[in-house]
Amino acid sequence: MKSYAMALDLRDDADVIERYKEYHRAVWDEVLEGLRSLGIAKMKIFLRGNRLFMYLEAPDEFDLERNFPRYIEASTRAAEWDALMREFQTPVPDANPGEWWAVMEEVFDLYE
């Protein structure tokens, strides 16, 4: 099992942040089904201010750069959700060019 941590910012606007939270209280069923179909065993998103932190666990064969684009291409609802969420989001300042959710380096694991 692989684990990933990623960071992304929301636009720094209280209304935007609240709307983003509202959407995530009722994620579309097709989005949830699509994520599960990728083999994602666990996904959590945390918020502090306007900074998002996502944690996910996926099978060893999972590849972020390969699997997420396939998921978006395979489902019009997933593509709609992605486009809608991007209206609220902006990459973190130190994201690589073209990187949306910035992958974070693991520096400690209590369980290893």
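This is a predicted model: local features need pLDDT of at least 70, side-chain atom pairs count only at pLDDT 80 or more; totals for chains, interfaces and linings use all residues.
Leaving aside neighbours within four places in sequence, F62 is in contact with K2, Y4, L38, I40, L56, N67 and F68.

F62 leads us to the nonpolar core. The largest such core holds 26 residues, and those touching the most other members are I40, L56, F62 and F68. Two or more residues come from each of β1 (2-10), α1, α2, β3 (51-58), α3 and α4.

Let me turn to one of these contributors, helix α4. In general, an α-helix has 3.6 residues a turn, so residues three or four places apart point the same way.

I now come to the charged residues. How many salt bridges does a search of the whole structure find? The search finds 6, and I shall describe some of them.

Two involve helix α4. R77 pairs with E30, with the closest N and O atoms 3.6 Å apart. This pair links distant parts of the chain, since R77 belongs to helix α4 and E30 to helix α2, 47 residues apart. Both partners are partly exposed: R77 has a relative accessibility of 27%, and E30 has a relative accessible area of 35%.

The other salt bridge joins the side chains of R86 and D82, at 3.0 Å from N to O. Here both residues lie within α4, 4 residues apart, which is about one turn of the helix. R86 counts as partly exposed because its relative accessible area, 35%, lies between the limits of 20% and 50%. D82, at 25%, is likewise partly exposed.

Elsewhere, E18 forms a salt bridge with R25, the closest N and O atoms being 2.8 Å apart. E18 is partly exposed at 31% relative accessibility, whereas R25 is exposed, with a relative accessible area of 55%. Together with K21, E18 and R25 are linked in a network of salt bridges.

I close with the surface. V107, F108, L110 and Y111 make a nonpolar surface patch of about 600 Å². Of these residues, V107 lies in the segment after β5 (102-103). V107 counts as exposed because its relative accessibility is 73%, over the 50% limit.

Methods
Residues are numbered from 1 along each chain as its sequence is written. Side-chain values use heavy atoms; hydrogens and water are left out. Patches are made of residues with over 30% relative accessible area and no salt bridge: like charges are joined within 9 Å, nonpolar side chains (Val, Leu, Ile, Met, Phe, Trp, Tyr) within 5 Å. Accessible areas come from the Shrake-Rupley method with a 1.4 Å probe; for residues, only the protein chains shown count as cover. A salt bridge is a side-chain nitrogen of Lys or Arg within 4 Å of a carboxyl oxygen of Asp or Glu. Buried means under 20% relative accessible area, exposed over 50%, partly exposed in between (1.4 Å probe, protein chains only). A nonpolar core is a set of buried Ala, Val, Leu, Ile, Met, Phe, Trp, Tyr and Cys residues joined through side-chain atoms within 4.5 Å. Contact means heavy atoms within 4.5 Å.
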